[in-house]
Amino acid sequence: MADLPDLYLIADMAPDLVDALEQRFTVHRTDPPATTRAICGGGSSVVDAALIDRLPALEIIAINGVGYDGIDLAAAKARGVRVTNTPDVLTDDVADLAIGLWLAVERRIAANDAAVRDGGWNVPLARRASGRRIGIFGLGRIGHAIARRAEPFGGEILYTARSEKPVAWRFVPDITALAAACDVLILAAPGGAGTQRIVDAAVLAKLGSEGVLVNVARGSLVDQAALVAALETRGIAGAGIDVFADEPDVPDALRTMPNVVLSPHQGSATVETRRAMAALVLANLDAQLAGAPLPSAVV
């Protein structure tokens, strides 16, 4: 049997996906050889120019996730290295979680659950979700799906994106104005230099004491210290957070706040979606090895 091509695995993957990779490749978890033809990573993985330069046989970087802000796309493109991700298949699950986090904050679902488990019954009043103005930062696939789910709640849908889209929802040109105009600010934009800490103290102040922040995008979008300060001083009413600045580290202050609902980066974490993501990763790798068109190429 011919030697299998080399693959550098730079993130934890589900056992079924690892098994499938090992059927196709010689998988390296450290010290990839110069003959490495493929890298497989997750949405938070980093592949910089130095790593690309170290691997002269590299052909493809296959990301098991929608985000690829940790990949040096310019370096990859200059070397002719293809980059793929797994869009579309995870859109619905991430959008579902965004709405779930928002409702959990407004209706105190996690806090009330904890109270009942501790033997309690009398809890503070929650807040109505229906009729709220929902602002969405980033109107790509996931942002669209969030907006569609939010519409039946009866409030206005607003959004900020790079440009105005042909949709019925109200376009707001920047995130500061969006925060001032909405009751719930949901982050669905990519990470990267252009959105680094874009939700800062000034944006949170515009969201205001009745506002709720939901982040299912990237932890890098939020100035985490400013968020903690806004929550501690009731500068905003609450937050639902699936992504953090230094995962898996979560500030102790956030862990103890009853007006915060936390999730360990679970946007795409359903059995069905993870299976579909794995299949798309393998389809991209198989296509590259066969010299066929890639199903979901970024570059």
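This is a predicted model: local features need pLDDT of at least 70, side-chain atom pairs count only at pLDDT 80 or more; totals for chains, interfaces and linings use all residues.
1. Strand 1. Strand 1 spans residues 6–9 and is covered on both of its faces. Asp6 and Tyr8 are buried on one side, while Leu7 and Leu9 are buried on the other. This strand runs parallel to strand 2, and three bridges join the two. Within this pairing, Tyr8 stands opposite His28 of strand 2.

2. Strand 5 and Thr84. Thr84 belongs to strand 5, which covers residues 82–84. Thr84 counts as buried because its relative accessibility is 0%, below the limit of 20%. Leaving aside residues up to four places away in sequence, Thr84 touches Ile60, Ile61, Ala62 and Ile63, and also Asn284, Leu294, Ser296, Ala297 and Val298. The side chain and backbone of this residue may be inspected together with these contacts in the view above.

3. Positive phi at Asp31. As background, most residues other than glycine have a negative phi. Asp31 is not a glycine, yet its phi is positive, at about 45°. Asp31 sits in the loop that links strand 2 (26–28) to strand 3 (36–42). With a relative accessible area of 67%, Asp31 is exposed.

4. Positive phi at Arg197. Arg197, likewise a residue other than glycine, has a positive phi near 50°. Arg197 is located in the loop between strand 9 (184–187) and helix 8 (201–207). Its relative accessibility of 48% makes Arg197 partly exposed, since the term exposed is kept for values over 50%.

5. A cis peptide bond. Most peptide bonds are trans. The bond from Glu247 to Pro248, however, is cis, and its omega is near 5°. Pro248 is part of the loop between strand 11 and helix 10, the latter formed by residues 252–255.

6. Cysteines. How many disulfides does the count give? The count is zero. For orientation, a disulfide is a covalent bond between the sulfur atoms of two cysteines. Cys40 is buried, with a relative accessibility of 0%. Cys182 is also buried, and its relative accessible area is 3%.

7. The cavity. One cavity of 30 Å³ or more is counted. The largest cavity holds about 80 Å³ of space. Strand 10 (212–215), helix 9 (224–232) and strand 11 (238–241) are the elements that each give two or more residues to its lining. The lining residues are Leu213, Asn215, Gly219, Val222, Gln224, Leu227, Gly240, Ile241, Val243, Phe244 and Ala245. By class, seven of the residues lining the largest cavity are nonpolar and four are polar, with no charged residue.

8. The second largest pocket. About 330 Å³ of space is found in the second largest pocket. This pocket is lined by 21 residues, of which Gly219, Ser220, Phe244, Ala245 and Asp246 are the closest to its centre. Its lining comprises six nonpolar, nine polar and six charged residues. Gly219, Phe244 and Ala245, listed here for the pocket, are also among the residues that line the largest cavity.

Methods
Residues are numbered from 1 along each chain as its sequence is written. Side-chain values use heavy atoms; hydrogens and water are left out. On a 1 Å grid over the protein atoms alone, a cavity is a set of points where a 1.4 Å probe fits but cannot get out, and a pocket is an open set with protein on both sides within 12 Å along at least five of seven lines; lining residues have an atom within 4 Å of a point. Grid points are joined across faces, edges and corners, and a volume is the space filled by probe spheres set on the points. Helices (H or I, at least four residues) and strands (E, at least two) are DSSP runs, numbered from the N terminus. Ala, Val, Leu, Ile, Met, Phe, Trp, Tyr, Cys and Pro count as nonpolar, Asp, Glu, Lys and Arg as charged, and the others, Gly among them, as polar. Buried means under 20% relative accessible area, exposed over 50%, partly exposed in between (1.4 Å probe, protein chains only). Contact means heavy atoms within 4.5 Å. A disulfide is a pair of cysteine sulfur atoms within 2.5 Å. Two strands pair if DSSP finds at least two bridges between them.
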